[in-house]
Amino acid sequence: MTERLVARDIEVRFGGRAVLEGLGVALEPGTLTVLVGPNGAGKSTLLSCLAGLRPPDTGEVALGGRALHQLKARERAQRIGYLPQTPEIAWRLDVETFVSLGRTAHRGLFGHDEEDARAVADALEQAGLQAFAQRDVTTLSGGERARVLMARALAGRPAWLLADEPMTGLDPGHQMDAAVVLRRLADAGVGVIATLHDLSFAARIADRLIVLADGRIIADGAPGAALNAAVIAKAYGLEARWIAGRGGALLDVIGRTRPDSHD
């Protein structure tokens, strides 16, 4: 069974400025949790701390009651998959070989085996990349590269998948495909955490929404409760309302709030 991922009183400072400040959160497996907030709110920094890639200056992140810094890098990589925001790929490899790099932490003494091959094939299928398997990954578009990076993360079959802006560069159809993949993973018991900028899309796909502003959590809960008009005004300085749409609620931004109404 997938274990909880918990951040306790974490603080991260860059150049004397607190990017995250006294932040604590317990994240549940089998849940699609979406982090939202304005630029500079600390979303990507929090995600990198949760992935064990950036140790907090104070506090700790624990998986199943064990601090991440106590886990060997290989063990952590087997349990936590991380999908970076920027789809930059420097190596000239075919897509299938690149995706197979997601199996590195799982390989034994004899290298690539049948289980690895199945995991890579499944990841290519989930990301809709079977037809791209022999393509040079450096020749792909930004959106295609984003899908390749997702497939690499999926190939590791992690208990937790942390995705930083996984919809970046994807057209609307592939955004929905990616959302379906994240939904299926969560339904299968994987803990999924993603950062998004599109609030309407976030509210549509999330089980749980966490709103960050100035390095702190200002709302946390079901989308309708966590992302109400007052929270949007506080986090983004916007006057907005939710309106009914055919595919779910849509955010109607009316305008900026008065300068003295936004902390």
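This is a predicted model: local features need pLDDT of at least 70, side-chain atom pairs count only at pLDDT 80 or more; totals for chains, interfaces and linings use all residues.

Visitor: How many of the eight residues of α1 are buried?

Guide: Seven of the eight are buried, so α1, which spans residues 43–50, is largely enclosed by the rest of the structure. The buried residues are Lys-43, Thr-45, Leu-46, Leu-47, Ser-48, Cys-49 and Leu-50.

Visitor: Let us turn to the sheet. What is the order of its four strands?

Guide: The order is β2-β1-β4-β5, in an open sheet with antiparallel pairing. Strands β2 and β5 (66–67) are at the edges with a single partner strand each, so one side of each has no neighbour in the sheet.

Visitor: How many bridges join β4 to β5?

Guide: Two bridges join these antiparallel strands, β4 being residues 58–63. Leu-63 stands opposite Arg-66 in β5.

Visitor: Which strands does α1 touch?

Guide: Helix α1 packs on the sheet and touches β1 (5–14), β2 and β4. The direction of α1 makes about 125 degrees with that of β1.

Visitor: And Thr-31, is it buried or exposed?

Guide: Thr-31 is buried, with a relative accessible area of 16%, which is under the 20% limit for that class. This residue lies in the loop between β2 (17–27) and β3 (32–36). Leaving aside neighbours within four places in sequence, Thr-31 is in contact with Ala-186, Val-190, Gly-191, Val-192, Asp-207 and Arg-208.

Visitor: A change of topic: at what angle do the axes of α4 and α5 cross?

Guide: The axes of α4 (residues 114–126) and α5 (residues 142–155) cross at roughly 145 degrees and come within 8 Å. The crossing of α4 past α5 is right-handed.

Visitor: Which residues meet there?

Guide: From α4, Ala-119, Val-120, Ala-123 and Gln-126 meet Ala-151, Leu-154 and Ala-155 of α5. The residues of this contact comprise six nonpolar, one polar and no charged.

Visitor: Which residues touch the most other members of the largest nonpolar core?

Guide: Among its 57 residues, these are Val-36, Val-99, Val-148 and Met-167. Helix α5 gives the most to this core, with eight residues.

Visitor: What is Val-148 in contact with?

Guide: Setting aside neighbours within four places in sequence, Val-148 is in contact with Ile-89, Val-95, Phe-98, Val-99, Leu-129, Val-137 and Leu-140.

Definitions and conventions:
Residues are numbered from 1 along each chain as its sequence is written. Side-chain values use heavy atoms; hydrogens and water are left out. Buried means under 20% relative accessible area, exposed over 50%, partly exposed in between (1.4 Å probe, protein chains only). Contact means heavy atoms within 4.5 Å. Two strands pair if DSSP finds at least two bridges between them. Axes are lines fitted to C-alpha atoms, for helices over the stretch in contact, and angles run from 0 to 180 degrees between N-to-C directions. A crossing is left-handed if the near helix is turned anticlockwise from the far one by less than a right angle, and right-handed if clockwise. Ala, Val, Leu, Ile, Met, Phe, Trp, Tyr, Cys and Pro count as nonpolar, Asp, Glu, Lys and Arg as charged, and the others, Gly among them, as polar. A nonpolar core is a set of buried Ala, Val, Leu, Ile, Met, Phe, Trp, Tyr and Cys residues joined through side-chain atoms within 4.5 Å.
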